Amino acid sequence: MTSNTPSSTDETGSPNWGAMFDGIKDALRLPAWVVSAALIGVGPLAQAVGHPIGAAMASTIFVWAGPAQVLFYGGLASGMAYPALAFVIGLSSMRFLPMTMTVMQMLRRPKQSILMQFAIAHFVTVTVWAECLRRLPDMREDRRVPYFFGFAVTCLVLSTFTTAFGYVLAGNVPTHFAAGLLFLTPVFFTCSICAGARDMPDWLAIGMGAVLEPLVLHVAGPEFDLLVTGLVGGTVAFMIKMNRRSKVGTLA
Amino acid sequence: MIEMLAPYALMLIVAAVPTGIWRAGAVVLSRSISSQSLVFEWVRFVATALLAGVVAKLLANPSGALALAPDWGRLGAVVAAFAAFMAFRRSVFAGVLTGETILILSVYLTQH
């Protein structure tokens with residue numbers, strides 16, 4: 001566990017870089033291994049379209065979003081036009097907007113430069129987001145950014161190597177294990193989101209997202225289903241949360 | 001030389017930029033909103049519902065080798081993962097391990 005000193009805002013403002021090691025330790029406990037195992041699957045896809053191993057590794061460093069990388073190499077393999085592919089990837093990555101905003105709220109500090117904030121934003125993924133929701137609210141503010149970088153950079157570095165590993169391994173993985181690697185993303189997303197749930201509205205948002213998506217897919221189509229699902233499910237859960245809070249009274 | 005760099009340039013323009021644009025946009029948007037604002041709370045709920053939707057989409061429309069898993073395997077594995085996650089005091093490890101075991105078995109059994 002990381003140190004759970006109650007949050008306070010009295011610090012001089014300099015980050016406590018020792019907290020970076022807590023982030024590295026927490027990442028190596030499980031999350032970094034799961035993300036990096038999930039990214040093994042990107043290697044063979046890059047290999048199949050004839051891209052060099054370095055490009056596969058660079059995609060993990062610069063895209064840093066498993067589903068977008070799978071779409072990219074899968075789209076190239078099926079001969080999709082580049083602008084269409086970029087559009088589809090852009091839509092699939094929309095989740096990073098609300099996720100990164102949530103992370104920014106917890107990590108930003110008064111004198112932080114916008115470059116630092118862009119650097120933070122680049123490392124946001126579901127794994128990192130879920131970890132932030134769980135750990136940061138109870139963490140002292142001067143420890144948060146170093147902890148974040150320790151955690152997120154560990155995940156990214158390990159994943160860059162496993163992407164290369166997958167590239168070398170391509171074609172030599174039995175199908176049931178290949179299926180297992182692809183299943184890592186949904187199963188880990190599920191557990192990560194649920195680990196961050198604190199009260200009924202949180203669970204409601206999760207349940208609504210899961211149930212709404214297949215229904216919305218028919219109405220809104222495969223481009224905007226996730227956007228609509230997130231907006232509808234999230235807004236209903238938010239309104240219920242506000243309603244409960246106003247009944248309790250002063251808890252705001 | 002140019003040909004050697006093409007895969008990198010393509011990856012940056014077609015995949016990294018369309019993804020990074022949302023992260024950068026979030027930074028710009030966040031700067032104009034107070035940390036105490038309820039907007040952040042609403043955004044967190046939207047992100048949660050959206051991610052649950054991503055999971056549903058990945059499971060209902062599987063790609064690659066995952067498509068070889070039967071429907072019962074994918075659905076059963078994620079339900080079992082959730083049950084194990086809850087049963088073991090919200091252990092992500094227990095959840096992932098249980099889900100993976102069932103999914104891999106389901107593919108193996110369908111193929112043999």
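Predicted model: local features only at pLDDT ≥ 70, side-chain atom pairs only at ≥ 80, totals over all residues.
Local features are given at pLDDT of at least 70, side-chain atom pairs count only at pLDDT 80 or more, and totals for chains, interfaces and linings use all residues. Residues are numbered from 1 along each chain as its sequence is written, and chains are lettered from A in the order in which they are written.

**The contact between the chains**

Chain A puts 77 residues into the contact and chain B puts in 64 residues; two residues are in contact if their C-beta atoms, placed from the backbone, lie within 7 Å. On the chain A side, the elements giving two or more residues are α4 (53-62), α5 (66-77), α6 (82-92), α7 (96-107), α8 (114-122), α11 (175-195) and α12 (200-248). Helices here are DSSP runs of H or I with at least four residues, numbered from the N terminus. The most comes from α11(A), with 19 residues. Sorted by class, the side of chain A that touches chain B holds 50 nonpolar, 23 polar and 4 charged residues. Nonpolar means Ala, Val, Leu, Ile, Met, Phe, Trp, Tyr, Cys and Pro, charged means Asp, Glu, Lys and Arg, and polar means the others, Gly among them.

| Residue | Phi | Loop |
|---|---|---|
| A:Trp64 | about 50° | between α4 and α5 of chain A |

A:Trp64 is buried, because 26 other C-beta atoms lie within 10 Å. B:Arg90 has 15 C-beta neighbours inside 10 Å and therefore counts as partly exposed. The cut-offs are 20 or more other C-beta atoms within 10 Å for buried, 12 or fewer for exposed, and partly exposed in between, with C-beta atoms placed from the backbone.
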